[in-house]
Amino acid sequence: MQRSRRAVAEVRYAEHGTVRPEAIALREAFDLAVTGRYMQAADRLQKTVNELNDKQLRGWLKEQKAAYLHFMDEALAQKALMGALDENPFVLRPVNGVAATQIKAAAVQAREAAGFLSSKYTDGTNLVLGVKRLLEEIVWGEEERSDDAERAWEQLGLHLGFVSTRPEKQYGRGPDNLWALSASEQAVIELKPGCVTDTIAKKDLNQLGGSVRWLNKINPNVKALPVMLHPSRTCDVQGTPPTGMRVVTAAKFDLLRDAVTKFANALASNPGSWNDEQAVSVQLAQHKLTGDLLQHLLRGRAHHCLTRLPGAHHAVGARHPHQLRPPKHHGAQGTTRARRGVPQVPT
């Protein structure tokens, strides 16, 4: 006991505590509201919002402001919620819902990436550790981690300089993730790394197809590139993959992870280079992380399983009928492969 006391005897604590400004604002607004002064409570929160730079926090405080406004003017409260959504897409939705908005690709990918990285990381060590932690959030075989994977994939896009959003989370419809790869093409991405089946289920294929149609409706001027993270490239016999569908398997994700890790390490090795548009551009190109990332680095396309053994239920890694090689036919045009088995989905 005496040793413990001696060990902390020289410890000195700060004489004055620090209370964050938003905490003070929330308490003062609550005190106003309990006495029926709802408008003043809302104004108190808005005053602090005006002093903050953190968009996520600003949006959350605006949501709290809308709660007080609701007691006085429901229409004004709904308008305040719309403003909150502009800052933070994960606050409450207005009663009439939210119209999906188009996203546009960054004018220069490297410039966008450099701006994001410089605002997020102060030194190379934080950059390397931050990217490592981000990639570790995408876990295969654990369905309960799906939300972590979706959030990480959105952040991955931002790290690489893509405009990256989560429409399904923001609007209640659309894909898990949407990356603006270029002015003319956007990746519609559904994440299913938690699946443990040996085929891509019909419902998942339908979900991806619906997300492609969603993008075509809200932004008909861009081409949709359908992408799915899934442990298997084989589609269920009853499902129809969207045209041009790409599949990111665990093996393909490993390639992406290695490329992103090398990208971060290269920038971290030269202090401050992640702030430099030219340096970021060189590393993006070196590691094939430019807008054609999903077309070249992740070339895996879906296979359509045309046959299934009666009553067979395969585990991951089991041999499928499509893996049995069909016989070769010899004709006037030379050797051709019989048109059965598993063709690649046409692009």
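Where does Phe-162 lie? Phe-162 is found in the loop between helix 8 and strand 1 (163-165). The views below show a predicted model, in which local features need pLDDT of at least 70 and side-chain atom pairs count only at pLDDT 80 or more, while totals for chains, interfaces and linings use all residues. Residues are numbered from 1 along each chain as its sequence is written, and side-chain values use heavy atoms, with hydrogens and water left out.

**View 1. The whole chain.** The chain holds 13 helices and nine strands; helices (H or I, at least four residues) and strands (E, at least two) are DSSP runs numbered from the N terminus. Of its 347 residues, 45% count as buried, that is, under 20% relative accessible area with a 1.4 Å probe, protein chains only.

**View 2. The surroundings of Phe-162.** Phe-162 is buried, with a relative accessible area of 2%. Its C-alpha atom is separated by 6.6 Å from that of Ala-106, although these residues are 56 residues apart along the chain.

**View 3. The crossing of helix 7 and helix 8.** The axes of helix 7 (residues 124-136) and helix 8 (residues 146-159) come within 9 Å and cross at roughly 145°. Axes are lines fitted to C-alpha atoms, for helices over the stretch in contact, and angles run from 0 to 180 degrees between N-to-C directions.

**View 4. Residues joining the two helices.** Helix 7 contributes Val-131, Leu-134 and Leu-135 to the contact, and helix 8 contributes Ala-152, Gln-155, Leu-156 and His-159; contact means heavy atoms within 4.5 Å.

Key:
Buried < 20%, exposed > 50% of the residue type's maximum accessible area, 1.4 Å probe, protein only.
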